[in-house]
Amino acid sequence: MLELLLATAVLVLSVVIVLWGLSIAIRDVSIIDMAFSSLIAGVVAFIYWFSNASGQAATLTLGLVIIWALRMTVYLVNRNWGHGEDVRYTKLRSWVPEGWPFYWFSLRQVFLLQGAVIWVLTLPQQIAFVMAPATGVTMIGWIGVALWGIGFFFETIGDWQLSRFRADSSKKGTVLNTGLWRYTRHPNYFGELAQWWGLLLIVAHVPWALVGAMGVAIYSWLVVRVTGKATLEKKMSREKPEYAEYVRRTSGLIPWFPKA
């Protein structure tokens, strides 16, 4: 187990450092976002190979992670490619002087942080694949598959509806409050987290695998309180006055019927 944890840590560290160097060359820190899901899929595939996993639970987990990563990568590359650096990272450039002060800052605050998230998020799979490489899927595991499916639906449809909304010039300056966005202010974030909690349940029957739940919990906290939901809602509240009313009547994350 320790050998695996060290190997995956070195793998993730090596890749994010390479991406950091590339970001310096092309002056675009946001490449880490486009590579994030693919890197997770690569780590899970490495664990699967390293542990000689052959059971239904491990194989199904790998397949679902690859499906998630392919969709996410295609979506993010299609959304970001050719549009320059994400404004979040452009803003970071004003915090420190350009050149190496900013390069070291981006390494610490962006690349190494995302690398750490990738490593802790895959802890349940790292533990489960090594300790029980040939186990099947239990009843709790199938509940996890169902939860993953619900999450995949919400994230995929939510992203599609958001893309259509942004492409409609007549909707500029308004708030998306139809489709899945009528029932939750963040169907894509809800879907993302539902998928990862579902993946945790698939391997939850393996002794000590639930120790890795801290990784999913940390990721959920970051998405909800730090880099995702909280940051986006502050931005939307500043830019769109009607967003306050949308917040009042619409569930923050878990889908539910809107208030009157």
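Tutor: A helix is here a DSSP run of H or I with at least four residues, and helices are numbered from the N terminus. The model discussed below is a predicted one.

Student: Is Arg 248 buried, partly exposed or exposed?

Tutor: Buried means under 20% relative accessible area and exposed means over 50%. Arg 248 has a relative accessible area of 41%, so Arg 248 is partly exposed.

Student: Which residues do salt bridges that share partners join into one network?

Tutor: Salt bridges with shared partners make one network, and its members are Arg 27, Arg 93 and Glu 98.
Within the structure there are ten salt bridges.

Student: How many residues apart in sequence are the parts that the pair Glu 98 and Arg 27 ties together?

Tutor: The side chains of Glu 98 and Arg 27 meet in a salt bridge of 3.2 Å, N to O. Glu 98 lies in the loop between helix H4 (87–92) and helix H5 (100–121), while Arg 27 lies in the loop between helix H1 (2–26) and helix H2 (31–50). The pair therefore ties together parts whose distance in sequence is 71 residues.

Student: Where is Asn 52 placed?

Tutor: Asn 52 is not a glycine, yet it has a positive phi of about 55°. With 62% relative accessibility, Asn 52 counts as exposed. Its place is in the loop between H2 and helix H3 (56–80).

Student: Is Glu 233, the partner of Arg 185 in a salt bridge, buried or exposed?

Tutor: The closest N and O atoms of Arg 185 and Glu 233 are 2.6 Å apart. The pair links distant parts of the chain, 48 residues apart: Arg 185 is in the loop between helix H7 (139–167) and helix H8 (187–202), and Glu 233 is in helix H10 (residues 229–239). Arg 185 is buried, with a relative accessible area of 8%. Glu 233 has a relative accessible area of 13%, under the 20% limit, so Glu 233 is buried.

Student: How are the residues of the lining of the second largest pocket divided into nonpolar, polar and charged?

Tutor: This pocket holds about 170 Å³ of space. Its lining includes Trp 160, Arg 164, Asp 168, Asn 177 and Gly 179. By type, the lining residues are three nonpolar, four polar and three charged.

Student: What distance separates the C-alpha atoms of Gln 114 and Ala 69?

Tutor: Gln 114 is found in helix H5 and counts as buried at 16% relative accessibility. Gln 114 and Ala 69 are 45 residues apart along the chain, and their C-alpha atoms are separated by 16 Å.

Notes: Residues are numbered from 1 along each chain as its sequence is written. This is a predicted model: local features need pLDDT of at least 70, side-chain atom pairs count only at pLDDT 80 or more; totals for chains, interfaces and linings use all residues. Side-chain values use heavy atoms; hydrogens and water are left out. On a 1 Å grid over the protein atoms alone, a cavity is a set of points where a 1.4 Å probe fits but cannot get out, and a pocket is an open set with protein on both sides within 12 Å along at least five of seven lines; lining residues have an atom within 4 Å of a point. Grid points are joined across faces, edges and corners, and a volume is the space filled by probe spheres set on the points. Ala, Val, Leu, Ile, Met, Phe, Trp, Tyr, Cys and Pro count as nonpolar, Asp, Glu, Lys and Arg as charged, and the others, Gly among them, as polar. A salt bridge is a side-chain nitrogen of Lys or Arg within 4 Å of a carboxyl oxygen of Asp or Glu. Helices (H or I, at least four residues) and strands (E, at least two) are DSSP runs, numbered from the N terminus. Buried means under 20% relative accessible area, exposed over 50%, partly exposed in between (1.4 Å probe, protein chains only).
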